[in-house]
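Please look over the fold and helix packing of the model shown here.

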Amino acid sequence: MNNRLKVLRAERDWSQAELAGHLDVSRQAVNAIETGKHDPSLPLAFRISRLFKMPIEEIFHDSE
């Protein structure tokens, strides 16, 4: 799954660790999601959506 997480984080000038703190996950989890190695759980996707005030579909999309 592709995502805009790295771009959204950079727009706010947040490090991966800062974003992880906002989401209550590890920095490694943020890195894995940003690089596409891991997809977020549905509850985490909703937390990301609320944090950035965007629909999930605008942050995450299929690889096709």
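Predicted model: local features only at pLDDT ≥ 70, side-chain atom pairs only at ≥ 80, totals over all residues.

Residues are numbered from 1 along each chain as its sequence is written, and side-chain values use heavy atoms, without hydrogens and water.

The protein has five helices and two strands. These are DSSP runs, numbered from the N terminus: helices are H or I with at least four residues, strands are E with at least two. From the N terminus, the order is β-α-α-α-α-α-β.

UniProt, in an unreviewed entry, lists residues 5–59 as "domain: HTH cro/C1-type". Such annotations may be inferred rather than shown by experiment. The span is 69% helix and 0% strand, and its end C-alpha atoms lie 7 Å apart.

Helices H2 and H4 pack together. Their axes (lines fitted to C-alpha atoms over the stretch in contact, with angles from 0 to 180 degrees between N-to-C directions) come within 10 Å and cross at roughly 105°. H2 and H4 are therefore roughly perpendicular (65 to 115 degrees). Contact means heavy atoms within 4.5 Å.

| Helix | Range | Contact residues |
|---|---|---|
| H2 | residues 16–23 | Leu19, His22, Leu23 |
| H4 | residues 42–52 | Leu44, Arg47, Ile48, Leu51, Phe52 |

Of the 64 residues of the protein, 34% are buried, meaning under 20% relative accessible area with a 1.4 Å probe, protein chains only. The C-alpha trace spans about 30 × 25 × 20 Å along its principal axes.

Terms used
Parallel < 35°, antiparallel > 145°, perpendicular 65-115°, else oblique. Buried < 20%, exposed > 50% of the residue type's maximum accessible area, 1.4 Å probe, protein only.
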